[in-house]
Amino acid sequence: MNNALKMATKKLNFYYRDFQALHEISLDFYTNQVTALIGPSGCGKSTLLRCLNRMNDLIPYSRAKGEVLLDNQDIYNPDVDVVTLRRRVGMVFQKPNPFPKTIFENVAYGLKVNGLKDKSQITDRVERSLQSAALWDEVKDRIHESALGLSGGQQQRLCIARALAIEPEVVLMDEPASALDPIATQKIEELIHELKKTYTIIIVTHNMQQAARVSDITAFFYLGKLIEVDQTETLFTRPNLKQTSDYITGRFG
Amino acid sequence: MPVRLQKELQKLKKRILSLGAMVEERVRMAIKAVETRDEKLAKRIIEMDREIDENEVEVEEECLKILALHQPVAVDLRFITAVIKINNYLERIGDQAVNISQRVVSISRRPPVTVPFEYKLMAEKTETMLRESLDALVNLDEDLAHKVCLKDDEIDDMNREIYDKVKEVISSHPGRVGYMINLLLVSRHLERIADLTTNIAEEVIYMVEGEISRHRMNESFSIS
(Lines give C-alpha, C1' and ligand atoms only; values in the text may rest on other atoms or scores of the structure.)
Protein backbone atom coordinates (compact mmCIF):
# COMPACT_ATOMS: atom_id res chain seq x y z
CA MET A 1 0.00 0.00 0.00
CA ASN A 2 1.33 3.41 -1.01
CA ASN A 3 -0.60 5.55 1.42
CA ALA A 4 1.11 6.87 4.52
CA LEU A 5 0.19 5.56 7.93
CA LYS A 6 -1.89 8.20 9.73
CA MET A 7 -3.27 6.50 12.82
CA ALA A 8 -2.77 3.15 14.47
CA THR A 9 -3.88 1.29 17.55
CA LYS A 10 -1.35 -0.98 19.22
CA LYS A 11 -2.68 -3.71 21.51
CA LEU A 12 -5.52 -1.48 22.55
CA ASN A 13 -7.78 -2.75 25.32
CA PHE A 14 -10.78 -0.84 26.56
CA TYR A 15 -12.91 -1.36 29.64
CA TYR A 16 -16.28 -0.05 30.81
CA ARG A 17 -15.85 -0.72 34.54
CA ASP A 18 -15.17 -4.49 34.62
CA PHE A 19 -16.44 -5.18 31.17
CA GLN A 20 -13.71 -5.46 28.57
CA ALA A 21 -15.10 -4.02 25.33
CA LEU A 22 -11.94 -4.21 23.24
CA HIS A 23 -9.26 -6.91 23.28
CA GLU A 24 -5.74 -6.25 22.02
CA ILE A 25 -6.75 -4.31 18.93
CA SER A 26 -3.87 -3.53 16.58
CA LEU A 27 -5.06 -1.78 13.47
CA ASP A 28 -3.54 0.72 11.02
CA PHE A 29 -5.33 3.60 9.30
CA TYR A 30 -3.87 5.20 6.17
CA THR A 31 -4.19 8.68 4.68
CA ASN A 32 -6.52 9.12 1.72
CA GLN A 33 -8.16 5.82 2.50
CA VAL A 34 -11.56 5.00 3.90
CA THR A 35 -11.42 2.32 6.57
CA ALA A 36 -14.76 0.73 7.47
CA LEU A 37 -15.34 -0.96 10.83
CA ILE A 38 -18.08 -3.59 10.63
CA GLY A 39 -19.51 -6.22 12.93
CA PRO A 40 -22.68 -7.06 14.88
CA SER A 41 -23.98 -4.83 17.70
CA GLY A 42 -21.73 -4.89 20.71
CA CYS A 43 -18.67 -5.97 18.74
CA GLY A 44 -16.74 -2.90 19.84
CA LYS A 45 -16.59 -1.01 16.57
CA SER A 46 -18.10 2.20 17.94
CA THR A 47 -16.01 1.92 21.11
CA LEU A 48 -12.90 1.71 18.96
CA LEU A 49 -13.98 4.69 16.87
CA ARG A 50 -14.50 6.72 20.03
CA CYS A 51 -11.08 5.75 21.33
CA LEU A 52 -9.55 7.41 18.29
CA ASN A 53 -10.34 10.92 19.50
CA ARG A 54 -10.79 10.08 23.17
CA MET A 55 -14.54 10.58 23.17
CA ASN A 56 -14.69 7.71 25.65
CA ASP A 57 -12.89 9.88 28.23
CA LEU A 58 -16.32 11.30 29.01
CA ILE A 59 -17.64 7.93 30.17
CA PRO A 60 -17.11 7.41 33.90
CA TYR A 61 -15.12 4.38 35.07
CA SER A 62 -13.91 3.62 31.59
CA ARG A 63 -10.26 3.20 30.77
CA ALA A 64 -8.03 2.39 27.85
CA LYS A 65 -4.86 0.32 27.91
CA GLY A 66 -2.45 0.17 25.01
CA GLU A 67 -1.58 2.82 22.46
CA VAL A 68 -3.45 4.91 19.93
CA LEU A 69 -0.99 6.65 17.65
CA LEU A 70 -1.69 9.75 15.57
CA ASP A 71 1.30 10.54 13.39
CA ASN A 72 3.24 8.21 15.66
CA GLN A 73 2.36 10.13 18.87
CA ASP A 74 0.33 8.33 21.51
CA ILE A 75 -2.88 10.32 21.99
CA TYR A 76 -3.38 8.84 25.46
CA ASN A 77 -0.12 10.44 26.60
CA PRO A 78 -0.94 12.70 29.63
CA ASP A 79 0.46 15.84 27.99
CA VAL A 80 -1.78 15.57 24.94
CA ASP A 81 -4.31 18.38 24.78
CA VAL A 82 -7.65 16.72 24.13
CA VAL A 83 -9.15 19.81 22.49
CA THR A 84 -6.30 19.96 19.98
CA LEU A 85 -6.63 16.22 19.43
CA ARG A 86 -10.33 16.51 18.64
CA ARG A 87 -9.62 19.36 16.27
CA ARG A 88 -7.25 17.10 14.38
CA VAL A 89 -9.54 14.08 14.61
CA GLY A 90 -13.08 15.28 13.86
CA MET A 91 -16.28 13.33 14.24
CA VAL A 92 -19.67 13.01 12.59
CA PHE A 93 -22.43 11.22 14.46
CA GLN A 94 -25.24 8.89 13.61
CA LYS A 95 -28.05 11.39 13.92
CA PRO A 96 -27.61 14.81 12.39
CA ASN A 97 -27.17 17.15 15.32
CA PRO A 98 -27.04 20.73 14.06
CA PHE A 99 -27.11 23.52 16.62
CA PRO A 100 -30.40 25.45 16.73
CA LYS A 101 -28.72 28.31 14.92
CA THR A 102 -28.34 29.47 11.34
CA ILE A 103 -26.58 27.37 8.74
CA PHE A 104 -23.72 29.86 8.71
CA GLU A 105 -23.32 29.87 12.48
CA ASN A 106 -23.30 26.09 12.64
CA VAL A 107 -20.25 25.93 10.43
CA ALA A 108 -18.60 29.06 11.84
CA TYR A 109 -19.00 27.91 15.42
CA GLY A 110 -15.90 25.74 15.60
CA LEU A 111 -13.82 28.44 13.97
CA LYS A 112 -14.90 31.04 16.50
CA VAL A 113 -14.32 28.69 19.43
CA ASN A 114 -10.86 28.11 18.06
CA GLY A 115 -10.18 31.85 18.13
CA LEU A 116 -10.63 32.85 14.52
CA LYS A 117 -11.94 36.45 14.49
CA ASP A 118 -11.39 37.78 10.97
CA LYS A 119 -14.87 37.94 9.44
CA SER A 120 -13.88 37.53 5.82
CA GLN A 121 -11.72 34.56 6.74
CA ILE A 122 -14.62 32.98 8.58
CA THR A 123 -16.99 33.60 5.67
CA ASP A 124 -14.48 32.14 3.31
CA ARG A 125 -13.97 28.99 5.37
CA VAL A 126 -17.71 28.49 5.86
CA GLU A 127 -18.25 28.60 2.12
CA ARG A 128 -15.36 26.25 1.43
CA SER A 129 -16.56 23.77 4.04
CA LEU A 130 -20.10 23.79 2.70
CA GLN A 131 -18.70 23.21 -0.76
CA SER A 132 -16.56 20.31 0.43
CA ALA A 133 -19.65 18.82 2.04
CA ALA A 134 -21.54 19.16 -1.27
CA LEU A 135 -24.15 21.38 0.36
CA TRP A 136 -23.22 24.87 -0.82
CA ASP A 137 -25.34 24.91 -3.97
CA GLU A 138 -28.42 23.88 -2.03
CA VAL A 139 -28.09 26.43 0.80
CA LYS A 140 -26.17 29.41 -0.52
CA ASP A 141 -29.32 31.52 -0.80
CA ARG A 142 -30.52 30.82 2.72
CA ILE A 143 -27.32 30.61 4.63
CA HIS A 144 -28.60 32.83 7.42
CA GLU A 145 -31.73 30.79 7.96
CA SER A 146 -32.10 28.18 10.69
CA ALA A 147 -30.26 24.90 10.14
CA LEU A 148 -33.27 23.10 11.56
CA GLY A 149 -35.20 23.91 8.38
CA LEU A 150 -32.92 21.62 6.37
CA SER A 151 -33.83 18.04 5.46
CA GLY A 152 -32.20 15.19 7.39
CA GLY A 153 -29.72 14.49 4.61
CA GLN A 154 -28.85 18.17 4.36
CA GLN A 155 -28.47 18.42 8.14
CA GLN A 156 -26.03 15.54 8.08
CA ARG A 157 -23.99 17.18 5.34
CA LEU A 158 -24.09 20.36 7.41
CA CYS A 159 -22.60 18.42 10.32
CA ILE A 160 -19.91 17.14 7.98
CA ALA A 161 -19.25 20.74 6.85
CA ARG A 162 -19.04 21.74 10.50
CA ALA A 163 -16.50 19.01 11.12
CA LEU A 164 -14.48 20.01 8.06
CA ALA A 165 -14.44 23.74 8.90
CA ILE A 166 -11.79 23.32 11.55
CA GLU A 167 -9.62 21.47 9.02
CA PRO A 168 -9.21 18.10 10.70
CA GLU A 169 -6.75 15.49 9.45
CA VAL A 170 -8.86 12.50 10.31
CA VAL A 171 -12.66 12.30 10.09
CA LEU A 172 -14.46 9.68 12.20
CA MET A 173 -17.97 8.80 11.10
CA ASP A 174 -20.32 6.84 13.32
CA GLU A 175 -23.10 5.45 11.11
CA PRO A 176 -23.34 8.73 9.24
CA ALA A 177 -26.14 7.60 6.93
CA SER A 178 -28.19 5.25 9.06
CA ALA A 179 -30.89 7.85 9.73
CA LEU A 180 -31.17 8.90 6.08
CA ASP A 181 -33.21 7.80 3.06
CA PRO A 182 -31.49 6.04 0.10
CA ILE A 183 -30.97 9.18 -1.98
CA ALA A 184 -29.48 11.15 0.92
CA THR A 185 -27.39 8.08 1.76
CA GLN A 186 -26.07 7.96 -1.78
CA LYS A 187 -25.07 11.62 -1.51
CA ILE A 188 -23.19 10.99 1.72
CA GLU A 189 -21.44 8.01 0.15
CA GLU A 190 -20.37 10.03 -2.87
CA LEU A 191 -19.19 12.70 -0.49
CA ILE A 192 -17.09 10.24 1.49
CA HIS A 193 -15.46 9.19 -1.76
CA GLU A 194 -14.58 12.83 -2.47
CA LEU A 195 -13.40 13.58 1.05
CA LYS A 196 -10.89 10.77 1.15
CA LYS A 197 -8.78 12.68 -1.36
CA THR A 198 -8.04 15.14 1.46
CA TYR A 199 -8.62 13.26 4.71
CA THR A 200 -8.15 9.97 6.46
CA ILE A 201 -11.64 8.58 6.97
CA ILE A 202 -12.74 5.95 9.43
CA ILE A 203 -16.37 4.91 9.33
CA VAL A 204 -18.48 2.65 11.51
CA THR A 205 -21.45 1.17 9.73
CA HIS A 206 -24.08 -1.45 10.36
CA ASN A 207 -24.76 -1.55 6.68
CA MET A 208 -22.36 -4.02 5.11
CA GLN A 209 -23.25 -2.99 1.59
CA GLN A 210 -22.35 0.53 2.53
CA ALA A 211 -18.97 -0.59 3.84
CA ALA A 212 -18.45 -2.43 0.55
CA ARG A 213 -19.37 0.63 -1.49
CA VAL A 214 -17.45 3.34 0.32
CA SER A 215 -14.36 1.84 1.89
CA ASP A 216 -10.90 0.80 0.76
CA ILE A 217 -10.13 -1.26 3.84
CA THR A 218 -12.65 -3.18 5.93
CA ALA A 219 -12.08 -4.44 9.45
CA PHE A 220 -14.48 -7.02 10.89
CA PHE A 221 -15.00 -7.10 14.67
CA TYR A 222 -16.71 -9.65 16.85
CA LEU A 223 -17.08 -9.64 20.64
CA GLY A 224 -14.47 -6.92 21.06
CA LYS A 225 -11.88 -8.62 18.91
CA LEU A 226 -10.54 -7.73 15.51
CA ILE A 227 -11.29 -10.86 13.50
CA GLU A 228 -10.12 -9.93 10.02
CA VAL A 229 -8.93 -6.86 8.16
CA ASP A 230 -8.22 -6.66 4.45
CA GLN A 231 -8.72 -4.65 1.28
CA THR A 232 -12.49 -4.23 0.99
CA GLU A 233 -12.51 -5.87 -2.41
CA THR A 234 -10.80 -8.96 -1.02
CA LEU A 235 -12.81 -9.13 2.19
CA PHE A 236 -16.11 -9.04 0.31
CA THR A 237 -15.15 -11.50 -2.43
CA ARG A 238 -12.93 -14.02 -0.66
CA PRO A 239 -12.62 -13.47 3.08
CA ASN A 240 -9.99 -15.54 4.83
CA LEU A 241 -11.98 -16.70 7.81
CA LYS A 242 -15.25 -18.56 8.02
CA GLN A 243 -16.46 -16.24 10.76
CA THR A 244 -16.09 -13.22 8.47
CA SER A 245 -17.73 -15.07 5.62
CA ASP A 246 -20.67 -16.09 7.82
CA TYR A 247 -21.19 -12.52 8.97
CA ILE A 248 -21.00 -10.77 5.62
CA THR A 249 -23.23 -13.38 3.98
CA GLY A 250 -25.80 -12.90 6.74
CA ARG A 251 -25.44 -16.39 8.22
CA PHE A 252 -25.05 -14.94 11.70
CA GLY A 253 -25.04 -11.61 13.51
CA MET B 1 -27.08 5.89 -10.57
CA PRO B 2 -24.17 6.27 -8.18
CA VAL B 3 -21.27 7.93 -9.96
CA ARG B 4 -18.78 5.29 -8.86
CA LEU B 5 -20.87 2.39 -10.14
CA GLN B 6 -21.35 4.25 -13.41
CA LYS B 7 -17.58 4.64 -13.77
CA GLU B 8 -16.97 0.98 -12.97
CA LEU B 9 -19.52 -0.10 -15.58
CA GLN B 10 -17.95 2.15 -18.21
CA LYS B 11 -14.56 0.65 -17.45
CA LEU B 12 -15.98 -2.87 -17.69
CA LYS B 13 -17.63 -2.11 -21.03
CA LYS B 14 -14.32 -0.92 -22.44
CA ARG B 15 -12.57 -4.05 -21.21
CA ILE B 16 -15.05 -6.51 -22.68
CA LEU B 17 -14.97 -4.63 -25.98
CA SER B 18 -11.22 -4.73 -26.18
CA LEU B 19 -11.30 -8.47 -25.44
CA GLY B 20 -13.86 -8.81 -28.23
CA ALA B 21 -11.61 -6.95 -30.64
CA MET B 22 -8.68 -9.17 -29.67
CA VAL B 23 -10.67 -12.38 -30.25
CA GLU B 24 -12.03 -11.09 -33.56
CA GLU B 25 -8.47 -10.45 -34.71
CA ARG B 26 -7.39 -13.99 -33.72
CA VAL B 27 -10.21 -15.57 -35.70
CA ARG B 28 -9.27 -13.48 -38.72
CA MET B 29 -5.64 -14.58 -38.35
CA ALA B 30 -6.65 -18.25 -38.02
CA ILE B 31 -8.71 -18.12 -41.19
CA LYS B 32 -5.80 -16.50 -43.00
CA ALA B 33 -3.53 -19.27 -41.71
CA VAL B 34 -5.88 -21.88 -43.21
CA GLU B 35 -6.00 -20.11 -46.55
CA THR B 36 -2.24 -19.66 -46.79
CA ARG B 37 -1.29 -22.89 -44.98
CA ASP B 38 0.97 -20.70 -42.87
CA GLU B 39 2.41 -22.83 -40.07
CA LYS B 40 4.32 -19.94 -38.51
CA LEU B 41 1.23 -17.80 -38.22
CA ALA B 42 -0.71 -20.74 -36.78
CA LYS B 43 1.92 -21.29 -34.10
CA ARG B 44 1.86 -17.62 -33.20
CA ILE B 45 -1.92 -17.74 -32.70
CA ILE B 46 -1.52 -20.74 -30.39
CA GLU B 47 1.10 -18.95 -28.32
CA MET B 48 -0.90 -15.74 -28.08
CA ASP B 49 -3.95 -17.46 -26.62
CA ARG B 50 -2.58 -16.93 -23.14
CA GLU B 51 -3.22 -13.23 -23.52
CA ILE B 52 -6.92 -13.90 -24.10
CA ASP B 53 -7.07 -16.26 -21.12
CA GLU B 54 -5.50 -13.68 -18.83
CA ASN B 55 -7.90 -11.02 -20.01
CA GLU B 56 -10.84 -13.32 -19.44
CA VAL B 57 -9.83 -13.91 -15.83
CA GLU B 58 -9.36 -10.19 -15.24
CA VAL B 59 -12.78 -9.31 -16.68
CA GLU B 60 -14.41 -11.95 -14.50
CA GLU B 61 -12.70 -10.66 -11.38
CA GLU B 62 -13.80 -7.15 -12.29
CA CYS B 63 -17.42 -8.35 -12.57
CA LEU B 64 -17.28 -10.13 -9.22
CA LYS B 65 -15.82 -7.03 -7.62
CA ILE B 66 -18.60 -4.81 -8.93
CA LEU B 67 -21.27 -7.30 -7.82
CA ALA B 68 -19.79 -7.59 -4.33
CA LEU B 69 -19.09 -3.92 -3.77
CA HIS B 70 -21.89 -2.11 -5.58
CA GLN B 71 -24.87 -4.48 -5.61
CA PRO B 72 -26.12 -3.36 -9.03
CA VAL B 73 -29.83 -3.87 -9.91
CA ALA B 74 -32.06 -3.98 -13.01
CA VAL B 75 -30.27 -3.04 -16.25
CA ASP B 76 -26.93 -2.74 -14.44
CA LEU B 77 -27.32 -6.23 -12.99
CA ARG B 78 -28.28 -7.64 -16.39
CA PHE B 79 -25.28 -5.92 -17.92
CA ILE B 80 -22.88 -7.57 -15.48
CA THR B 81 -24.37 -11.06 -15.78
CA ALA B 82 -24.33 -10.70 -19.58
CA VAL B 83 -20.70 -9.60 -19.49
CA ILE B 84 -19.75 -12.59 -17.33
CA LYS B 85 -21.20 -14.90 -19.99
CA ILE B 86 -19.99 -13.00 -23.05
CA ASN B 87 -16.53 -12.97 -21.49
CA ASN B 88 -16.59 -16.75 -21.33
CA TYR B 89 -17.95 -17.11 -24.89
CA LEU B 90 -15.17 -14.86 -26.20
CA GLU B 91 -12.52 -16.93 -24.48
CA ARG B 92 -13.96 -20.08 -26.03
CA ILE B 93 -14.00 -18.46 -29.48
CA GLY B 94 -10.32 -17.74 -28.87
CA ASP B 95 -9.86 -21.45 -28.13
CA GLN B 96 -11.53 -22.31 -31.45
CA ALA B 97 -9.05 -20.05 -33.23
CA VAL B 98 -6.34 -22.10 -31.52
CA ASN B 99 -8.01 -25.35 -32.62
CA ILE B 100 -8.12 -24.13 -36.21
CA SER B 101 -4.44 -23.20 -35.94
CA GLN B 102 -3.59 -26.69 -34.73
CA ARG B 103 -5.27 -28.13 -37.81
CA VAL B 104 -3.14 -25.80 -39.93
CA VAL B 105 0.01 -27.06 -38.21
CA SER B 106 -1.01 -30.65 -39.03
CA ILE B 107 -1.77 -30.08 -42.71
CA SER B 108 0.84 -27.50 -43.59
CA ARG B 109 3.63 -30.08 -43.92
CA ARG B 110 1.64 -32.41 -46.16
CA PRO B 111 1.28 -31.86 -49.87
CA PRO B 112 -1.79 -29.73 -50.56
CA VAL B 113 -4.97 -31.43 -51.69
CA THR B 114 -7.37 -29.76 -54.03
CA VAL B 115 -10.71 -29.93 -52.33
CA PRO B 116 -14.12 -29.68 -53.97
CA PHE B 117 -15.24 -26.91 -51.62
CA GLU B 118 -13.88 -23.74 -50.18
CA TYR B 119 -13.97 -22.34 -46.69
CA LYS B 120 -13.85 -18.79 -47.77
CA LEU B 121 -17.57 -18.15 -47.77
CA MET B 122 -18.16 -19.98 -44.49
CA ALA B 123 -15.21 -18.21 -42.86
CA GLU B 124 -16.38 -14.84 -44.11
CA LYS B 125 -19.90 -15.38 -42.85
CA THR B 126 -18.65 -16.51 -39.44
CA GLU B 127 -16.39 -13.51 -39.22
CA THR B 128 -19.26 -11.20 -40.10
CA MET B 129 -21.45 -12.79 -37.43
CA LEU B 130 -18.76 -12.27 -34.83
CA ARG B 131 -18.25 -8.67 -35.84
CA GLU B 132 -21.98 -7.98 -35.82
CA SER B 133 -22.50 -9.58 -32.43
CA LEU B 134 -19.80 -7.30 -31.01
CA ASP B 135 -21.34 -4.29 -32.77
CA ALA B 136 -24.68 -5.25 -31.25
CA LEU B 137 -22.99 -5.34 -27.86
CA VAL B 138 -21.37 -1.92 -28.32
CA ASN B 139 -24.54 -0.24 -29.51
CA LEU B 140 -26.98 -2.38 -27.50
CA ASP B 141 -28.61 -3.08 -30.85
CA GLU B 142 -31.13 -5.88 -30.36
CA ASP B 143 -32.22 -5.91 -34.03
CA LEU B 144 -28.70 -6.66 -35.14
CA ALA B 145 -28.43 -9.29 -32.41
CA HIS B 146 -31.59 -11.01 -33.69
CA LYS B 147 -30.12 -10.98 -37.20
CA VAL B 148 -26.95 -12.68 -35.96
CA CYS B 149 -29.01 -15.47 -34.37
CA LEU B 150 -30.77 -16.16 -37.68
CA LYS B 151 -27.51 -16.42 -39.61
CA ASP B 152 -26.38 -19.35 -37.49
CA ASP B 153 -28.57 -21.73 -39.52
CA GLU B 154 -26.71 -20.85 -42.72
CA ILE B 155 -23.42 -21.78 -41.10
CA ASP B 156 -24.88 -25.07 -39.86
CA ASP B 157 -25.98 -25.89 -43.43
CA MET B 158 -22.53 -25.09 -44.78
CA ASN B 159 -20.95 -27.34 -42.19
CA ARG B 160 -23.23 -30.20 -43.22
CA GLU B 161 -22.40 -29.66 -46.90
CA ILE B 162 -18.70 -29.80 -46.16
CA TYR B 163 -19.23 -32.99 -44.19
CA ASP B 164 -20.90 -34.66 -47.17
CA LYS B 165 -18.16 -33.57 -49.54
CA VAL B 166 -15.42 -34.70 -47.21
CA LYS B 167 -17.13 -38.09 -47.01
CA GLU B 168 -17.13 -38.34 -50.79
CA VAL B 169 -13.45 -37.44 -51.12
CA ILE B 170 -12.47 -39.92 -48.42
CA SER B 171 -14.31 -42.80 -50.07
CA SER B 172 -12.80 -42.03 -53.48
CA HIS B 173 -9.29 -41.17 -52.19
CA PRO B 174 -8.64 -43.17 -49.00
CA GLY B 175 -5.01 -41.99 -48.92
CA ARG B 176 -6.14 -38.48 -48.04
CA VAL B 177 -8.12 -39.43 -45.00
CA GLY B 178 -5.97 -37.61 -42.45
CA TYR B 179 -5.86 -34.44 -44.47
CA MET B 180 -9.59 -34.46 -45.06
CA ILE B 181 -10.42 -35.04 -41.42
CA ASN B 182 -8.35 -32.00 -40.53
CA LEU B 183 -10.29 -29.94 -43.04
CA LEU B 184 -13.57 -31.25 -41.69
CA LEU B 185 -12.47 -30.18 -38.22
CA VAL B 186 -11.73 -26.66 -39.43
CA SER B 187 -15.30 -26.51 -40.67
CA ARG B 188 -16.53 -27.82 -37.35
CA HIS B 189 -14.50 -25.20 -35.44
CA LEU B 190 -15.94 -22.43 -37.59
CA GLU B 191 -19.40 -23.77 -36.91
CA ARG B 192 -18.69 -23.68 -33.17
CA ILE B 193 -17.50 -20.08 -33.45
CA ALA B 194 -20.82 -19.23 -35.09
CA ASP B 195 -22.67 -20.96 -32.21
CA LEU B 196 -20.75 -19.02 -29.59
CA THR B 197 -21.33 -15.83 -31.53
CA THR B 198 -25.05 -16.58 -31.44
CA ASN B 199 -24.75 -16.96 -27.66
CA ILE B 200 -23.21 -13.50 -27.47
CA ALA B 201 -26.07 -12.06 -29.51
CA GLU B 202 -28.57 -13.75 -27.20
CA GLU B 203 -26.93 -12.12 -24.20
CA VAL B 204 -27.20 -8.74 -25.91
CA ILE B 205 -30.92 -9.38 -26.38
CA TYR B 206 -31.20 -10.28 -22.70
CA MET B 207 -29.33 -7.16 -21.69
CA VAL B 208 -31.59 -4.87 -23.72
CA GLU B 209 -34.96 -6.57 -23.39
CA GLY B 210 -34.57 -8.39 -20.10
CA GLU B 211 -35.91 -11.53 -21.78
CA ILE B 212 -33.90 -14.72 -21.94
CA SER B 213 -34.09 -15.65 -25.61
CA ARG B 214 -31.99 -18.82 -25.44
CA HIS B 215 -33.80 -21.99 -26.50
CA ARG B 216 -36.62 -19.83 -27.86
CA MET B 217 -35.70 -20.49 -31.52
CA ASN B 218 -35.87 -24.24 -31.02
CA GLU B 219 -39.32 -23.92 -29.48
CA SER B 220 -40.74 -22.07 -32.45
CA PHE B 221 -39.25 -24.67 -34.77
CA SER B 222 -40.87 -27.57 -33.00
CA ILE B 223 -44.27 -25.85 -33.02
CA SER B 224 -44.32 -24.98 -36.72
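Two residues are in contact here if their C-beta atoms, placed from the backbone, lie within 7 Å. I start there since contacts come up throughout this talk.

This is a predicted model: local features need pLDDT of at least 70, side-chain atom pairs count only at pLDDT 80 or more, and totals for chains, interfaces and linings use all residues. Residues are numbered from 1 along each chain as its sequence is written, and chains are lettered from A and ligands numbered from 1 in the order in which they are written.

One more term before the sheets. Helices (H or I, at least four residues) and strands (E, at least two) are DSSP runs, numbered from the N terminus.

Chain A has an open sheet of six strands in the order 6-7-8-3-9-10, and its pairing is mixed. Two strands pair if DSSP finds at least two bridges between them. Strand 6 (89-92) and strand 10 (225-231) of chain A are at the edges with a single partner strand each, so each has one side without a neighbour in the sheet. From one strand to the next, the twist averages 20°. For angles, axes are lines fitted to C-alpha atoms, for helices over the stretch in contact, and the values run from 0 to 180 degrees between N-to-C directions.

Helix 6 (residues 152-165) of chain A lies across strand 6 and strand 7 (170-174) of chain A, and runs at about 170° to strand 6 of chain A.

Strand 3 (residues 34-38) of chain A pairs with strand 8 (residues 200-204) of chain A in the parallel sense, over four bridges. Strand 3 of chain A also pairs with strand 9 of chain A in the parallel sense, again over four bridges. A:Thr35 can be followed both ways: A:Thr35 stands opposite A:Ile202 in strand 8 of chain A, and the bridge partner of A:Thr35 in strand 9 of chain A is A:Ile217.

Is strand 9 of chain A mostly covered or mostly exposed? Strand 9 (residues 217-222) of chain A is mostly covered, with six of its six residues buried. Buried means 20 or more other C-beta atoms within 10 Å of the residue's own, exposed means 12 or fewer, and partly exposed is in between, with C-beta atoms placed from the backbone. In a regular strand the side chains alternate between the two faces of the sheet. On one side of strand 9 of chain A, A:Ile217, A:Ala219 and A:Phe221 are buried, and on the other A:Thr218, A:Phe220 and A:Tyr222 are buried.

Strand 9 of chain A pairs with strand 10 of chain A in the antiparallel sense over six bridges, and A:Thr218 stands opposite A:Asp230 in strand 10 of chain A. Their hairpin has two residues between the strands, and A:Leu223 there takes a positive phi near 50°. A:Leu223 is a residue other than glycine, and counts as partly exposed because there are 13 C-beta neighbours inside 10 Å.

Strand 1 (residues 5-16) of chain A and strand 2 of chain A pair over eight bridges, with A:Phe14 opposite A:Leu22 in strand 2 of chain A.

Next, the core. A nonpolar core is a set of buried Ala, Val, Leu, Ile, Met, Phe, Trp, Tyr and Cys residues joined through C-beta atoms within 7 Å. The largest one has 127 residues, and among those that touch the most other members are A:Leu37, A:Leu172 and A:Ile202. Helix 6 (residues 177-209) of chain B gives the most to this core, with 14 residues. Leaving aside neighbours within four places in sequence, the contacts of A:Leu172 include A:Leu49, A:Val89, A:Met91 and A:Ile202.

In chain B, the axes of helix 2 (residues 39-70) and helix 3 (residues 74-108) come within 9 Å and cross at roughly 170°. Helix 2 of chain B and helix 3 of chain B are therefore roughly antiparallel to each other (angles under 35 degrees count as roughly parallel, over 145 as roughly antiparallel, 65 to 115 as roughly perpendicular and the rest as oblique).

Last, the two chains together. Ten residues of chain A are in contact with nine residues of chain B. Helix 9 of chain A gives the most to the side of chain A that touches chain B, with four residues.
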